[in-house]
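Hi,

Here is the structure I promised to pass on. Have a look at it first, then read my notes below.

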Amino acid sequence: MREMQTKPDLIIGNYSDGNLVATLLAHTIAHALEKTKYPNSDIYLDKFDSQYHFSCQFTADLIAMNHTDFIITSTFQEIAGSKDSVGQYESHIAFTLPDLYRVVHGIDVFDPKFNIVSPGADMTVYFPYTETDKRLTAFHSEIEELLYSDVENDEHKRFVLKDRNKPIIFSMARLDRVKNMTGLVEMYGKNAHLKDLANLVIVAGDHGKESKDREEQAEFKRMYSLIEEYKLKGHIRWISAQMNRVRNGELYRYICDTKGAFVQELLALLSLRP
């Protein structure tokens with residue numbers, strides 16, 4: 001308040017620790033619940049709590065959700081699920097943390113505090129590759145270098161595609177476990193037929209600097225080991241995180257030109273690994 005010279009209208013929490021801090025300051029919006037990111041994490045609490053601190057995270061989420069005045073979600077399924085799946089918030093209604101406590105009514109998913117605001121995209125940046133008159137062709141030489149150049153630098157390190165005529169399987173995300181980029185690489189590496197049909201391009205992490213995040217460090221090591229284990233050199237292009245969203249929009253369309261496919265976070269493949 002001293003810095004802003006006024007009282008804020010909203011305090012918004014992000015992730016379990018941020019949610020808890022925001023709750024202590026004011027009523028908050030619960031965001032990025034940890035329990036739903038790691039399926040069966042409550043069942044395997046005794047094995048993984050010392051590493052991931054699930055008991056603290058779930059407790060923080062329960063406190064934040066029940067103290068907030070207003071919760072924004074993207075879809076109704078996120079709140080209460082469907083006939084085939086449990087909703088992210090619904091999974092907090094009842095669960096057990098062995099030897100710690102049991103939750104019997106963690107959240108009311110029909111509380112009017114839940115509000116649905118569907119996400120959107122800037123259509124001047126993200127539009128179909130078929131709209132050729134709007135294509136940002138000025139970026140094509142940069143994108144081609146990003147995908148195919150054999151000159152090593154911090155953006156594309158060590159891995160050159162030997163057959164650029166193949167379509168591209170493409171994914172872009174943070175290099176952390178929940179995004180499961182290494183799961184995609186492992187799935188691709190295990191499928192010899194898929195390697196013959198298509199190249200794999202991953203945009204994740206930063207080759208140019210040593211990450212201070214232990215989880216990202218572990219994913220870096222795992223990515224390198226998978227590339228070696230499945231002999232993916234020549235089949236995979238691993239590119240550092242790209243922050244130019246306008247060029248990224250054209251990068252997606254360039255991938256479409258190769259008759260390629262985009263893979264959205266392989267959360268379904270995520271499993272707790274020791």
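Helices (H or I, at least four residues) and strands (E, at least two) are DSSP runs, numbered from the N terminus.

Keep in mind that this is a predicted model, where local features need pLDDT of at least 70, side-chain atom pairs count only at pLDDT 80 or more, and totals for chains, interfaces and linings use all residues. Residues are numbered from 1 along each chain as its sequence is written, and side-chain values use heavy atoms, with hydrogens and water left out.

Let's start with helix 6 (residues 181–190). Seven of its ten residues are buried (under 20% relative accessible area; exposed is over 50%, partly exposed in between, with a 1.4 Å probe and protein chains only), so helix 6 is largely enclosed by the rest of the structure. The buried ones are Met-181, Thr-182, Gly-183, Leu-184, Val-185, Tyr-188 and Gly-189. They pack against several elements, including strand 5, strand 6 (199–203) and helix 8 (214–229).

How do helix 6 and helix 8 cross? Their axes come within 10 Å, at an angle of roughly 10°. The two are therefore roughly parallel to each other (angles under 35 degrees; over 145 is roughly antiparallel, 65 to 115 roughly perpendicular and the rest oblique). On the helix 6 side, Met-181, Thr-182, Val-185 and Glu-186 meet Glu-219, Arg-222, Met-223 and Leu-226 of helix 8, where contact means heavy atoms within 4.5 Å. This contact divides into four nonpolar, one polar and three charged residues. For those classes, Ala, Val, Leu, Ile, Met, Phe, Trp, Tyr, Cys and Pro count as nonpolar, Asp, Glu, Lys and Arg as charged, and the others, Gly among them, as polar.

Now compare helix 2 (residues 45–52) and helix 3 (residues 54–67), which pack at about 80° with their axes 7 Å apart. That pair is therefore roughly perpendicular. Leu-45, Phe-48, Asp-49 and Tyr-52 of helix 2 make the contact with Phe-54, Ser-55 and Gln-57 of helix 3.

Helix 5 (residues 140–148) and helix 9 (residues 245–257) pack at about 65°, and their axes are 10 Å apart. That makes helix 5 roughly perpendicular to helix 9. By class, their contact has seven nonpolar, one polar and four charged residues.

On to the rings. How many aromatic pairs does a search of the whole structure find? It finds twelve. Rings of Phe, Tyr and Trp (its six-membered ring) pair if their centres lie within 6.5 Å; planes under 30 degrees apart count as stacked, over 60 as edge-to-face and the rest as tilted. Phe-170 and Tyr-252 have ring centres 5.4 Å apart and planes at 80°, so they are edge-to-face. This pair links distant parts of the chain, with Phe-170 in strand 5 (residues 168–172) and Tyr-252 in helix 9, 82 residues apart. Phe-170 is buried at 0% relative accessible area, whereas Tyr-252 is partly exposed at 24%. Tyr-252 also pairs edge-to-face with Phe-262, at 5.1 Å centre to centre and 75° between the planes. Phe-262 is partly exposed, at 36%.

Cheers

Key
Axes are lines fitted to C-alpha atoms, for helices over the stretch in contact, and angles run from 0 to 180 degrees between N-to-C directions.
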